[in-house]
Amino acid sequence: MIFILVLLVRISNAHQETIRVGFIESPPLIYNKDEKLVGALVDYLNDILPNFNIKFVKTPLSRVPDLLDKDVIQIFPMYFYSAERADKVHYIPTSFHALNPCLCALKENKIPSTIRDPKSFEQKTIVHLRGTLKNRDFLNFKNTNYLELPTQDYYEKSLKMLKLKRAEYAYFADFQQVKRFLNNKKHSNIHCENSHYPKDEMFFVTNKNFYLKKNLELKISKTSFKTYLKKHLSRVNWQVD
């Protein structure tokens with residue numbers, strides 16, 4: 001009897017269509033634990049796409065439009081909006097999550113109270129995760145230097161740049177996440193500020209011809225992400241290495 005049940009499950013899985021979902025590791029949304037991808041976003045995707053076999057593909061932010069266009073991935077669920085990006089990908093209209101971005105600096109460096117003032121950042125260097133600040137409507141100043149770093153070990157590398165004084169500021173997507181990281185790692189000489197910075201709405205994107213666009217839109221509009229996030233916040237080891 002058990003053999004028959006296992007066989008039926010395998011047959012069912014064999015008939016499930018595979019959808020390739022791009023991602024970057026970002027706890028508690030999606031992260032590797034015991035050689036398995038887990039997180040709030042993993043659970044959310046499995047629930048809104050229950051009839052599909054989801055294959056996760058590690059995807060650099062800078063290559064999202066290209067990999068969608070080439071059908072290497074079909075969905076990328078961790079994308080911020082910009083007008084230039086909207087010309088290249090299809091945004092599911094309803095954002096499913098919002099982050100509170102922040103700047104961090106050595107305590108000896110004052111962080112500007114507004115993120116939209118070019119004069120405050122003249123001749124300064126801002127470190128940021130590759131793909132996160134390109135063509136944004138703020139922090140896109142002519143007389144400011146921008147230094148992109150890859151996703152891997154971004155926290156440690158960006159903070160090291162501050163301590164070596166190769167950059168005045170480091171940009172992080174989520175204020176709460178970086179605060180936990182700093183507390184765990186005991187970076188007492190670093191301070192962060194986000195009180196005046198606009199929230200970053202996070203969207204699912206697909207290529208413009210993806211046939212499940214409408215289905216995704218409906219599921220996301222009806223399924224709150226907050227429940228999934230709350231469940232995983234207490235489980236994450238915030239020492240992101």
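This report describes a sheet with its packed helices, and then a pair of helices.

The model is predicted: local features need pLDDT of at least 70, side-chain atom pairs count only at pLDDT 80 or more, and totals for chains, interfaces and linings use all residues. Residues are numbered from 1 along each chain as its sequence is written, and side-chain values use heavy atoms, with hydrogens and water left out.

Helices (H or I, at least four residues) and strands (E, at least two) are DSSP runs, numbered from the N terminus. Five strands form an open sheet in the order β10-β9-β11-β8-β12, with mixed pairing; two strands pair if DSSP finds at least two bridges between them. β10 (145-149) and β12 (190-193) are at the edges with a single partner strand each, so one side of each has no neighbour in the sheet. On average, neighbouring strands are turned by 25 degrees against each other, direction ignored. Axes are lines fitted to C-alpha atoms, for helices over the stretch in contact, and angles run from 0 to 180 degrees between N-to-C directions.

| Helix | Strands touched | Angle |
|---|---|---|
| α5 (residues 154-163) | β8, β9, β10, β11 and β12 | about 160 degrees with β11 |
| α6 (residues 175-185) | β8, β11 and β12 | about 165 degrees with β12 |

Elsewhere, helix α2 (residues 40-48) packs with helix α8 (residues 226-233) at an angle of about 145 degrees, their axes 8 Å apart. A40, D43, Y44 and D47 of α2 meet Y228, L229, K231 and H232 of α8.

Definitions and conventions: Contact = heavy atoms within 4.5 Å.
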